[in-house]
Amino acid sequence: MKYLLLIFTTFLITSCVSTKSTLKNVDNNAKRPSFTDNRYVITEYAENNKYGFDPDYPVNIGFIHEKQETINIEYYFNGLEGPNGEKISFRKVDTCCPFPTKNTNMGAGTIGIYEVTFEGTTKKITMYFNIFEKGKIVCPKGFSIKKLTTRDK
């Protein structure tokens, strides 16, 4: 019976992770943006409308330890604002989409799902973040890059 349970558990675990990644915007040579005043200094806008809004095109913050996810996501959003300068609020609501990666001990990573709102509106936007792979970190469509103040330069 134990042998059967072990086989079933192994099958269940391996069937949850695809052997091929569906992520479309991984770039292991990408550099993380510079950092100032508790935020990333984001300088470019996304060319792809799916960037950050599709689990296959997440914001790739990696390679970072899972314990650093919250602070790095905060740095990302601190470098952005709404389309008209609105303050951004966000919270992690779930994880999804297991994928294979060499950047974890288990050989698999997941995508963090975040709910985002702009000050003055109740509309919720869903965004996807990957802490296990690297990619170019840019401003997604519908957001704007927070301007640097003289103090930040």
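This is a predicted model: local features need pLDDT of at least 70, side-chain atom pairs count only at pLDDT 80 or more; totals for chains, interfaces and linings use all residues.
Visitor: Happy to be here! Which class has five residues in the lining of the second largest pocket?

Guide: Good place to start. Residues such as Tyr45, Glu47 and Asn48 are among those that line the second largest pocket. Sorted by class, three residues of this lining are charged and four are polar, while the five are nonpolar.

Visitor: And how much space lies in the largest pocket?

Guide: Its lining has 17 residues, with Glu66, Thr104, Ala108, Ile131 and Phe132 nearest the centre of the largest pocket. By class, this lining divides into three charged, six nonpolar and eight polar residues. The space in the largest pocket comes to about 290 Å³.

Visitor: Which strand gives the largest share of the lining of the largest pocket?

Guide: Two strands to look at are β5 (88-100) and β6, each of which supplies at least two residues of that lining. The largest share is five residues, and these come from β6.

Visitor: How many of the six residues of β7 are buried?

Guide: Strand β7 is also joined to β3 (residues 59-60), in parallel, by two bridges. Here Asn60 stands opposite Asn130. Buried means under 20% relative accessible area, and strand β7 (residues 125-130) is mostly covered, its buried residues numbering five.

Notes: Residues are numbered from 1 along each chain as its sequence is written. Side-chain values use heavy atoms; hydrogens and water are left out. Buried means under 20% relative accessible area, exposed over 50%, partly exposed in between (1.4 Å probe, protein chains only). Helices (H or I, at least four residues) and strands (E, at least two) are DSSP runs, numbered from the N terminus. Two strands pair if DSSP finds at least two bridges between them. On a 1 Å grid over the protein atoms alone, a cavity is a set of points where a 1.4 Å probe fits but cannot get out, and a pocket is an open set with protein on both sides within 12 Å along at least five of seven lines; lining residues have an atom within 4 Å of a point. Grid points are joined across faces, edges and corners, and a volume is the space filled by probe spheres set on the points. Ala, Val, Leu, Ile, Met, Phe, Trp, Tyr, Cys and Pro count as nonpolar, Asp, Glu, Lys and Arg as charged, and the others, Gly among them, as polar.
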